Amino acid sequence: MKFDVWGFPVFKYSFENQDKVLEEVLNTTEIVKPVSVSDEWNGTSMISPPEERNVYIEQEINKCIEKFSKDLNISGEMLTINQCGNENCKDPLSKAYWVNIYKTGQDQGLHWHMTTSKSDFSESNAMFSFTYFAKYDHEKDGKFIFVNPSHATKVFHDWMEIVPEFRPAFIPEVQQGDIIIFPCFMMHYVDTHTSDDQRITVSGNIHKKIETVCKCDMEFGDSPSLNTP
């Protein structure tokens, strides 16, 4: 399903093996230590590199990226979840994604997923981002909300509830088991979670494939090089 969100394409899909993925996600929350998060939110986050115990998560994400590529009319061979842009990267952290846990009263502030600088193994900028709703009650849990990037809310304040394009926010309709894929520059936040049950999502970025030597693959003394086709 496609949402037109202020002219930007946002797509929604559903995982086929939702029970298996949820089992892997819950397993991750038990064995992976939380990482420090920014001041923009007060939930719990942990990095989960794809490993043998997470085969279904990675498989389902890649299936949806393939569907997304077709719907966007671009080649699926152009995209990867590897931060370095190289499918042959050996470092598992290059394929890392985040498991996010929200408890009562927690939220996440306004942010985007644009990469403003290169990381230790990122030579490819993020192109798109995704959020998978692993454990989510659409009636009770904190909402995922996109924010209007234009000045429409100031200019057309009186018409915001009449003309959808002028509204300050867009809330995609999602259920547990759904994933949304969107351009990485789209500003969004998570509303305060008021339910007594945990809200759990999996999020990450999709990068453009490039032919490069990853820093994580280099032996001591090697220097990075860029192979242009």
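Q: How many aromatic pairs does the structure hold?
A: The structure is a predicted model, in which local features need pLDDT of at least 70 and side-chain atom pairs count only at pLDDT 80 or more, whereas totals for chains, interfaces and linings use all residues. Residues are numbered from 1 along each chain as its sequence is written, and side-chain values use heavy atoms, with hydrogens and water left out. Rings of Phe, Tyr and Trp (its six-membered ring) pair if their centres lie within 6.5 Å, with planes under 30 degrees apart counted as stacked, over 60 as edge-to-face and the rest as tilted. On this criterion, the number of aromatic pairs in the structure is 13.

Q: Where in the chain do Phe8 and Phe185 lie, and how many residues apart are they?
A: Helices (H or I, at least four residues) and strands (E, at least two) are DSSP runs, numbered from the N terminus. Phe8 belongs to strand S2, while Phe185 sits in the loop between S10 and strand S11 (188-190), so that the pair links distant parts of the chain.

Q: Which residues of the largest nonpolar core touch the most other members?
A: A nonpolar core is a set of buried Ala, Val, Leu, Ile, Met, Phe, Trp, Tyr and Cys residues joined through side-chain atoms within 4.5 Å, where buried means under 20% relative accessible area, exposed over 50% and partly exposed in between (1.4 Å probe, protein chains only). The largest such core has 27 residues, and those touching the most other members are Val25, Ile61, Phe130 and Ile181.

Q: Which element gives the largest share of this core?
A: Elements that give two or more residues to the core include helix H1 (18-31), helix H2 (55-71), strand S7 (126-135) and strand S12 (199-208). The largest share, five residues, comes from H2.

Q: Which residues of H2 are buried?
A: H2 has 17 residues and spans 25 Å from its first C-alpha to its last, close to the 24 Å expected at 1.5 Å a residue, the expected span being 1.5 Å times one less than the number of residues. Its buried residues are Ile57, Glu58, Glu60, Ile61, Cys64, Ile65, Phe68 and Ser69.

Q: Is Thr201 buried or exposed, and what does Thr201 touch?
A: Thr201 lies in strand S12 and, at 2% relative accessibility, counts as buried. With contact taken as heavy atoms within 4.5 Å, and not counting residues up to four places away in sequence, Thr201 touches Trp98, Val99, Asn100, Tyr102, Thr131, Tyr132, Phe133 and Ala134.
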